[in-house]
Amino acid sequence: MSSIRLSAEQMGAALAKGEITSVALTNQHFDRIAQVDTAVHAFLHLDKEGALAQAASVDAKRAAGEKLGPLAGVPLALKDVLTQKGIPTTCGSKMLEGWRPPYDSGVVTKLKSAGVVILGKTNMDEFAMGSSTENSAYGPTHNPWDLTRIPGGSGGGSSAALAAFEAPLAIGTDTGGSIRQPAAVTGTVGVKPTYGGVSRYGLVAFSSSLDQAGPCARTVLDTALLHEAIAGHDPRDSTSINSPVPQVVAAARRLDVKGMKIGVVKEISGAGFQAGVQTRFEESLQLLVEAGAEIVEVSCPNFEYALAAYYLIAPSEASSNLARFDSMRYGIRVGDDGNRGAEEVMNLTRQVGFGREVKRRIILGTYALSSGYYDAYYGSAQKVRTLIKRDFEAAFAKADVLVSPTAPTTAFKIGEKSDDPLAMYLNDIATIPVNMAGIGGMSLPCGLAPEDGLPVGFQIMSPVMQDDLMYRVGGTLEAALNSKWGHTLISQIPDLQVR
Amino acid sequence: MGSHFDLTDSRFAGALMALNFAQAMEKYEPTLGLEVHVELNTNSKMFCSCATEFGGSPNTQTCPVCLGLPGALPVVNAKAIESTILIGLALNCSIAPYSRFARKNYFYPDMPKNFQTSQYDEPICVNGFLDVEIDTDEGPAKFRIEIERVHMEEDTGKSLHVGGSTGRIHGAEYSLLDYNRAGIPLVEIVTKIVPGTGKYAPQVARAYVTELRDILRSLGVSDVKMEQGSLRCDANVSLAPIGSGELGTRSETKNVNSLRSVERALFGEIERQANRLANGERVIQETRHFLEDTGLTRPGRSKEQAEDYRYFPEPDLVPVTPDAKWIEELRAKLPEKPSTRRKRLQAEWNVPDKEMTALINAELLDVVEETIALGAEPTRARTWWLGEISRLANEKEVEPTSLISSANLAEIIALIASGELTDKLARQVVEGVINGEGSPADVIAKRGLKVVSDDSALMVAIEAAIAAQPDTAERIRGGNIPAAGALIGAVMKATGGAADAAKVRELLLKHLGQA
């Protein structure tokens with residue numbers, strides 16, 4: 001009997017009771033990956049040897065009676081933007097082909113000490129730039145709900161792995177929605193913690209002031225368990241917050257929102273959102289009201305400028321962060337024939353090593369930072385950022401959490417928007433403000449859109465270092481939805497053709 | 001105009017005018033600007049825990065952070081902040097309650113991230129000053145050098161260009177990179193423009209760098225070794241016609257690797273600029289390279305296009321916000337100013353100006369002070385360090401302080417003062433200590449160098465000398481006292497210099513009935 005469809009919490013319990021070993025559970029997942037990943041293409045690299053060694057070590061510790069955490073022995077899929085010592089880390093780019101980092105990221109260090117079994121590295125848009133995983137240099141990932149559709153991005157590999165039961169847990173990173181939008185379009189749960197809540201050490205930077213690693217799973221509770229496993233201060237990351245981790249597991253188990261005020265952000269719902277997305281969002285609000293919450297409407301007028309400001313700040317930082325990929329110390333090297341100088345080899349390598357979207361953003365960012373334009377572009381964008389923070393402060397004065405649909409549409413077809421960057425950027429319209437303000441954001445599934453039968457995501461936003469609030473609301477809504485449907489949403493996913 | 005030559009054509013500049021420095025200073029007024037880079041002597045680098053020791057094997061003092069590996073993040077070295085604040089306080093700066101790092105973006109292989117993390121428009125220390133004193137024709141004069149800013153940044157790695165004739169990247173066959181230096185904390189101290197120095201500009205610049213170096217040394221924040229690059233000075237200078245009130249176009253001279261070079265480089269550069277101006281040419285704003293052998297400067301690599309460093313605040317670091325109370329604690333810890341200390345020591349030791357200058361230039365103040373603190377008599381202490389020890393150090397081409405410890409020298413000086421050693425014997429003891437024969441006591445014992453003070457032993461030698469030169473002895477008996485010199489010399493020779501000459505004289509004269 002395969003255990004792959006259990007929740008991570010259930011797997012942890014079965015492991016604790018000795019009903020299954022981690023080695024067996026890990027093998028079941030590798031079997032599943034072997035069966036479906038040719039079609040899904042969630043993984044870029046599998047570390048069978050390392051995973052089974054970790055599983056065996058956890059089993060041995062358990063057999064010796066050692067006290068282990070709730071996720072010890074549970075498998076996980078790691079987004080290929082986080083370093084794991086000795087394991088290829090490509091960031092979905094040709095540039096880093098063959099690079100094996102000599103060190104573990106902060107997240108991986110925490111995962112290893114929690115006994116989590118890392119199966120391998122998942123596909124992503126190159127350097128986390130994209131909303132569909134089509135920008136991966138290694139080919140797109142397919143949405144397990146409909147293989148002709150995108151799994152979201154940039155963390156489409158992680159979300160697809162969860163939806164395809166290739167892993168019960170995954171790590172994503174979210175710069176403008178790269179955890180939440182993939183979760184929304186694959187019917188899974190994803191959380192972008194408060195900026196500074198999870199170490200960025202070893203997270204290959206796209207936009208340092210916006211990037212945040214976070215937990216992904218199929219249930220709110222699993223996401224909370226993973227959140228607590230990876231969160232906490234890391235002295236190697238100066239922007240890491242040195243204060244206690246919010247009690248998100250307890251919040252996810254609370255299943256009670258009585259008296260909570262839930263703010264609907266006027267500017268990120270309604271017009272411009274797919275009808276079925278809006279329908280499912282409003283139904284969810286109704287369920288929260290029935291659970292005892294009060295719905296208030298809030299206005300965040302500066303969100304209008306969020307997308308524009310984001311596409312100045314993120315590319316600006318990226319243009320600098322990605323400068324280090326010059327072929328001198330690691331990664332590929334092109335044109336070093338003994339006759340060319342270093343500068344020419346750098347140029348050739350960057351021409352070949354970076355994909356179109358990455359180049360587009362480097363050029364955009366280089367321009368925005370250049371002298372004479374800095375104030376008009378980067379400077380103005382930073383002001384917008386401050387205004388967005390103030391909008392959130394004002395909104396949180398009226399509501400405990402804020403909500404919106406996660407993405408304007410359900411999963412679109414692969415190739416549908418790949419030639420239209422602006423249409424692609426609009427996917428993140430509802431998720432970007434959260435990154436700009438450094439607050440927490442969650443997406444959880446709230447049903448299938450009636451018109452296309454594809455998953456819809458519900459976004460919950462909570463103030464800085466009050467991530468527990470979104471888990472409390474998310475856990476309650478998930479329970480209400482499951483009880484309304486009589487099943488979980490993910491259980492309705494069509495069976496994948498098994499090889 | 002009938003001439004074949006257009007006299008304003010720059011090609012004939014050399015033939016037209018050749019101003020020497022003094023002549024140049026009759027026409028032009030120089031304005032200085034000095035940028036000093038100091039490598040801090042923290043144990044670890046600016047943003048990681050790698051060692052900072054000089055001279056390690058290439059790329060052995062590196063980690064993911066200073067190699068700029070993907071995903072690695074910087075963390076500011078708290079000790080570097082403390083050192084920088086100390087420097088700022090010693091230079092009378094205001095310490096910013098909020099300052100930030102920025103990224104200076106440009107591609108170069110010795111810079112692992114292709115950006116340098118440096119403070120830019122929000123430095124940690126601003127608006128200070130440093131007073132220096134120089135000798136002028138009218139006697140000692142004080143100049144106030146205003147400090148614009150003191151900021152922190154990280155050093156780059158080092159490139160070694162192999163092949164080609166110049167050792168520069170152009171024409172090299174290949175380049176080797178050593179990232180040991182990448183990420184070493186650097187502090188940059190930038191002056192405001194320094195006007196009004198006139199012909200003393202080179203001396204003022206030298207005095208400033210010297211005083212700055214002494215302050216940095218007294219703070220203990222840097223090795224301040226110009227020859228190793230832990231203290232580097234870029235000298236900016238521009239000229240304008242005297243009385244014009246204008247500011248000319250400046251050049252920036254790099255590769256100035258000693259205090260003397262600061263002065264020489266400015267002499268050379270001022271002369272060069274004056275000659276261009278006098279011949280109707282423009283001074284080009286450029287970086288120039290000081291040539292140690294000729295004392296001239298040559299243009300640096302010309303930049304084909306203006307660099308746009310695209311500075312922006314470093315998002316991986318939080319702002320530096322030192323606590324006001326901590327700053328006051330650091331202020332209270334500031335050591336005595338080097339200029340104050342020099343004046344105090346000169347008075348305490350009663351040293352003539354010239355000798356004080358010699359001590360300062362030889363960098364012997366610390367060790368002389370230490371030797372005196374260990375009980376040595378001041379005049380002897382400084383005479384020994386400045387004389388015999390410096391002479392030996394010069395011979396061996398090492399630093400005087402590396403030859404002998406203050407404690408050993410203080411012990412030897414004490415034995416001289418008590419009459420147990422003569423100067424001549426003491427020199428032998430010093431030699432023995434330097435040769436590694438042990439402590440002064442060991443050397444004295446092994447070499448048998450005690451002053452012979454036993455009268456009977458001396459009398460044996462005196463009687464032998466008299467027996468050898470009976471005529472001389474007779475003359476002395478006859479009242480020719482100066483003739484005693486020959487006999488005293490013979491006794492000294494016989495005792496190998498281990499006798500006290502005055503004692504020998506006393507005994508000899510007494511023996512011959514002349515005392």
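1. In this predicted model, the axes of H14(B) and H16(B) come within 9 Å of each other and cross at roughly 125°. The crossing of H14(B) past H16(B) is right-handed.

2. The contact between these two helices involves B:Ala461, B:Ile462, B:Ala464, B:Ala465, B:Ile466 and B:Ala468 on H14(B), which meet B:Leu487, B:Ala490, B:Val491 and B:Ala494 on H16(B). Sorted by class, the contact of H14(B) with H16(B) has 10 nonpolar residues, with no polar and no charged ones.

3. Helix H16 of chain B spans residues 484-494, and B:Leu487, B:Ile488, B:Val491 and B:Met492 are buried in it. Viewed down the axis of H16(B), the buried residues fall within an arc of 140°, so they line one face of the helix. B:Gly485 and B:Lys493 are exposed, on the other side of H16(B).

4. What do the buried residues of H16(B) pack against? Their partners are three elements of chain B: helix H14 (455-468), helix H15 (470-477) and helix H17 (501-511). Just after H16(B), B:Gly496 has a positive phi of about 65°.

5. Elsewhere in chain B, B:Glu211 sits in helix H4, residues 201-219. Is B:Glu211 partly exposed or buried? B:Glu211 has 18 C-beta neighbours inside 10 Å and therefore counts as partly exposed; the buried class would require 20 or more.

6. Leaving out residues up to four places away in sequence, B:Glu211 touches B:Leu130, B:Val132, B:Pro338 and B:Ser339. B:Gln273 is 62 residues from B:Glu211 in sequence, and the C-alpha to C-alpha separation of this pair is 27 Å.

7. Turning to the interface, 33 residues of chain A are in contact with 26 residues of chain B. On the chain A side, the elements that give two or more residues are helix H10 (306-321), helix H11 (342-353) and helix H12 (356-369). H10(A) supplies the largest share of that side, 3 residues.

8. How do the residues on the side of chain A that touches chain B divide by class? They comprise 14 nonpolar, 12 polar and 7 charged residues.

Notes. Residues are numbered from 1 along each chain as its sequence is written. Chains are lettered from A and ligands numbered from 1 in the order in which they are written. This is a predicted model: local features need pLDDT of at least 70, side-chain atom pairs count only at pLDDT 80 or more; totals for chains, interfaces and linings use all residues. Two residues are in contact if their C-beta atoms, placed from the backbone, lie within 7 Å. Helices (H or I, at least four residues) and strands (E, at least two) are DSSP runs, numbered from the N terminus. Ala, Val, Leu, Ile, Met, Phe, Trp, Tyr, Cys and Pro count as nonpolar, Asp, Glu, Lys and Arg as charged, and the others, Gly among them, as polar. A residue is buried if 20 or more other C-beta atoms lie within 10 Å of its own, exposed if 12 or fewer, and partly exposed in between; C-beta atoms are placed from the backbone. The arc is that of the directions from the helix axis to the C-beta atoms. Axes are lines fitted to C-alpha atoms, for helices over the stretch in contact, and angles run from 0 to 180 degrees between N-to-C directions. A crossing is left-handed if the near helix is turned anticlockwise from the far one by less than a right angle, and right-handed if clockwise.
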